[in-house]
Amino acid sequence: MPPSPQRTALVTGASRGIGSAVAVALGQRGFKVIVNYLNNHEAAAKTVALVEQAGGQAIAVQADVGNREDRARLLTATLAALGHIDVLINNAGIAPATRDDLLDADEANYDRVMDTNLKGPFFLTQQVARAMVATPRATASASSSTPVAGPAPTPLRCIININSVSAYAATINRSQYCIAKAGMAMMTHLFAARLAGEGIHVYEIRPGIIATDMAAGAKEKYDKLIHQGAMLPLPRWGQPDDVAKAVVMLVDGALPYSTGSTLDIDGGFHLRML
Ligand code: NAP
């Protein structure tokens with residue numbers, strides 16, 4: 001039997017935090033990964049080395065996902081290096097430069113967060129989806145008869161949006177972030193509906209409080225909420241690897257009869273309790 005072709009992934013914002021953990025986890029599955037980053041070349045090079053140590057291959061590509069020309073260059077570089085894209089992980093994201101009350105939120109800050117966290121992922125997904133549709137590949141969607149205890153699931157071609165509990169939890173001094181993440185939830189539904197017929201699954205992962213540089217600025221606040229309140233049924237910080245495990249499950253095809261769905265990786269934050 002010919003060896004199955006190496007699976008490929010583009011992970012945005014993969015130099016640090018959740019994106020880096022996802023890239024390394026995909027490396028452990030033998031993927032060839034594009035490690036996209038914005039500024040931090042050293043961190044991106046470290047992720048590349050970790051992916052390769054894990055058994056995969058990786059190439060770092062600098063590009064601002066919020067910038068149209070950069071997105072086009074990222075796609076060109078990705079297709080040149082990978083030939084085709086099996087998996088897109090829309091992970092790159094930023095917090096607002098300053099946390100301002102809703103009544104003081106300024107337009108420049110709003111534009112920057114929306115460009116990076118919503119407009120960029122939307123148009124990057126559109127471009128990647130076009131490339132995926134142009135190179136159809138076999139997926140698990142075609143086989144509905146795999147018995148539960150049968151062979152391992154067939155890997156899926158998929159797009160995974162790393163969203164946030166901020167898609168529904170209102171934080172009044174991070175309004176732009178919440179609006180962008182709420183928009184990403186609809187973006188997941190739209191692309192899932194459009195791409196189902198193409199054999200491409202679209203999912204959303206909603207991390208809660210994850211120990212990365214992004215959350216470090218609010219460490220004291222989160223420490224209190226986690227350890228002194230009743231907010232988290234599983235009272236600990238999430239780790240980037242908690243999110244990476246969910247990504248691996250999805251790209252491995254564990255949920256072949258599902259698209260447009262959300263996985264809450266949040267220690268139970270989304271539960272409403274009395
Ligand atoms: P992080 O540690 O701050 O890392 C952000 C990553 O995104 C870095 O690799 C950074 O590259 C890259 N990046 C930032 N702006 C970019 C741009 N315009 N173009 C390309 N890459 C860009 O963040 P994180 O905590 O891992 O967050 C990753 C995702 O998870 C985000 O979408 C975030 O909203 C979401 N999330 C995080 C948490 C949390 O508690 N940490 C919770 C829920 C959701 P450089 O290294 O070059 O700067």
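A: Let us begin with the overall architecture. This is a predicted model, and the secondary structure of the protein comprises 8 helices and 7 strands. The radius of gyration is 18 Å, close to the 19 Å that the globule rule gives for 274 residues, so the protein is as compact as a globular protein of that length. Along the principal axes, the C-alpha atoms fill a box of roughly 60 × 45 × 35 Å.

Q: What percentage of the 274 residues counts as buried?

A: A residue counts as buried when its relative accessible area is under 20%. By that criterion, 49% of the 274 residues are buried.

Q: How far apart are the mean positions of the positive and negative charges?

A: The protein carries 24 positive and 23 negative charges, and their mean positions lie 5 Å apart.

Q: Which residues have the most contacts inside the largest nonpolar core?

A: A nonpolar core is a set of buried nonpolar residues joined through side-chain atoms within 4.5 Å. The largest one here has 34 residues, and Leu 26, Ile 160 and Val 247 have the most contacts inside it. Among the elements that each supply at least two residues of this core are helix H1 (17–28), strand E5 (157–162), strand E6 (200–207) and helix H8 (240–251). Another core, of 26 residues, lies apart from it and includes Ile 34, Ala 63, Ile 94 and Ile 159.

Q: Which residues does Ile 160 touch, not counting those up to four places away in sequence?

A: With those neighbours set aside, Ile 160 touches Leu 88, Ile 89, Asn 90, Tyr 203, Ile 205, Val 247, Leu 250 and Val 251.

Q: Is Ala 25 buried or exposed?

A: The relative accessible area is the value to consult. For Ala 25 it is 8%, so this residue is buried. Ala 25 belongs to helix H1, and, leaving aside neighbours within four places in sequence, Ala 25 is in contact with Ala 244 and Val 248. The C-alpha atoms of Ala 25 and Gly 55 are 9.8 Å apart, although 30 residues separate them along the chain.

Q: Where is Gly 30 found?

A: Gly 30 is found in the loop between H1 and E2. Its relative accessibility is 25%, so Gly 30 counts as partly exposed. Not counting residues up to four places away in sequence, Gly 30 touches Gln 6, Arg 7, Gly 55 and Gly 56. Between the C-alpha atoms of Gly 30 and Ala 54, 24 residues apart along the chain, the distance is 8.0 Å.

Q: In which strand does Thr 8 lie?

A: Thr 8 lies in strand E1. With 2% relative accessibility, Thr 8 counts as buried. Beyond residues up to four places away in sequence, Thr 8 touches Phe 31, Lys 32, Leu 82, His 84, Ile 85, Asp 86 and Val 87. A separation of 38 Å divides the C-alpha atoms of Thr 8 and Met 231, which are 223 residues apart along the chain.

Q: In which helix is Ser 175 placed?

A: Ser 175 is in helix H5 (residues 175–195). Ser 175 has a relative accessible area of 10% and is therefore buried. Leaving out residues up to four places away in sequence, Ser 175 touches Leu 102 and Ala 105.

Methods. Residues are numbered from 1 along each chain as its sequence is written. This is a predicted model: local features need pLDDT of at least 70, side-chain atom pairs count only at pLDDT 80 or more; totals for chains, interfaces and linings use all residues. Side-chain values use heavy atoms; hydrogens and water are left out. Helices (H or I, at least four residues) and strands (E, at least two) are DSSP runs, numbered from the N terminus. The radius of gyration is taken over C-alpha atoms; the globule rule is 2.2 Å times the number of residues to the power 0.38. Buried means under 20% relative accessible area, exposed over 50%, partly exposed in between (1.4 Å probe, protein chains only). Lys and Arg count as positive and Asp and Glu as negative; His and the chain ends are not counted. The place of a charge is taken as NZ of Lys, CZ of Arg, CG of Asp or CD of Glu. Contact means heavy atoms within 4.5 Å.
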